Amino acid sequence: MPIETMNVFPMIHSITIDKENDLVTELVQDINDAEGIRQNLLESVATVRMYERIKFYPLAPPTFIEDVMGSFAQMGLSRHITISDNTYHEINGYLGCTRVWELPLVLRDQVEKALVGYEVEYDSETWEILNITDTKE
């Protein structure tokens, strides 16, 4: 049983900014606890396995990282990937910005530092999720 670990950072749902003081006052991520991470990964694994059963992957077998994390999970494998996400975010207090990467660098840095991450331990052959812990820094 080859056990591997990875760090994941749930995608951003909303951000509140105090524009006068260049301060991020609130950051809400799409998933906010280890059980939510587990559920999202289990659903993503099930989706990839379903595609595998119906031969949606005719050329190469699916992989955990590329197919589960890259295509279906609501998480990034690094803080940078999560803040570079191209989906629309609810950004309050900074009109005209709908994505984190559109914010000024001082605010992007605050968002990046505020992200909560989780360490996921999994079996790379069976894709069983073994353990999830938050990585408070």
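Met 50 is placed in helix H1 (residues 34-53). Helices here are DSSP runs of H or I with at least four residues, strands are runs of E with at least two, and both are numbered from the N terminus. The model is predicted: local features need pLDDT of at least 70, side-chain atom pairs count only at pLDDT 80 or more, and totals for chains, interfaces and linings use all residues. Residues are numbered from 1 along each chain as its sequence is written, and side-chain values use heavy atoms, with hydrogens and water left out.

Met 50 has a relative accessible area of 34%, so it is partly exposed. The classes are buried (under 20%), exposed (over 50%) and partly exposed (in between), with a 1.4 Å probe and protein chains only. Met 50, Ile 54 and Phe 56 make a nonpolar surface patch of about 310 Å². Patch residues have over 30% relative accessible area and no salt bridge; nonpolar side chains are joined within 5 Å, like charges within 9 Å. A salt bridge needs a side-chain nitrogen of Lys or Arg within 4 Å of a carboxyl oxygen of Asp or Glu. Areas follow the Shrake-Rupley method with a 1.4 Å probe.

Four aromatic pairs are found in the whole structure. Phe 64 and Tyr 122 are stacked, at 4.3 Å centre to centre and 15° between the planes. This pair links distant parts of the chain: Phe 64 is in helix H2 (residues 64-72), Tyr 122 is in strand S6 (residues 118-123), and they are 58 residues apart. Phe 64 is buried at 4% relative accessible area. Tyr 122 is buried at 3%. Phe 64 and Trp 127 form an edge-to-face pair, because their centres are 5.7 Å apart and their planes lie at 75°. Trp 127 is in the loop between S6 and strand S7 (129-134), so its pair with Phe 64 of helix H2 ties together parts 63 residues apart in sequence. Rings of Phe, Tyr and Trp (its six-membered ring) pair with centres within 6.5 Å; planes under 30 degrees apart are stacked, over 60 edge-to-face, the rest tilted. Ring pairs also link Tyr 51, Phe 56 and Phe 72 into a cluster.

The charged end of Arg 49 lies 3.8 Å from the ring centre of Trp 127. Lys 19 is over the face of Tyr 94, 4.5 Å from the ring centre. The criterion is NZ of Lys or CZ of Arg within 6 Å of the centre and within 35 degrees of the ring normal.An open antiparallel sheet has four strands in the order S4-S1-S6-S7. Its edge strands are S4 (75-76) and S7. Strands pair with at least two DSSP bridges. Pro 10 has Met 75 in S4 as bridge partner.
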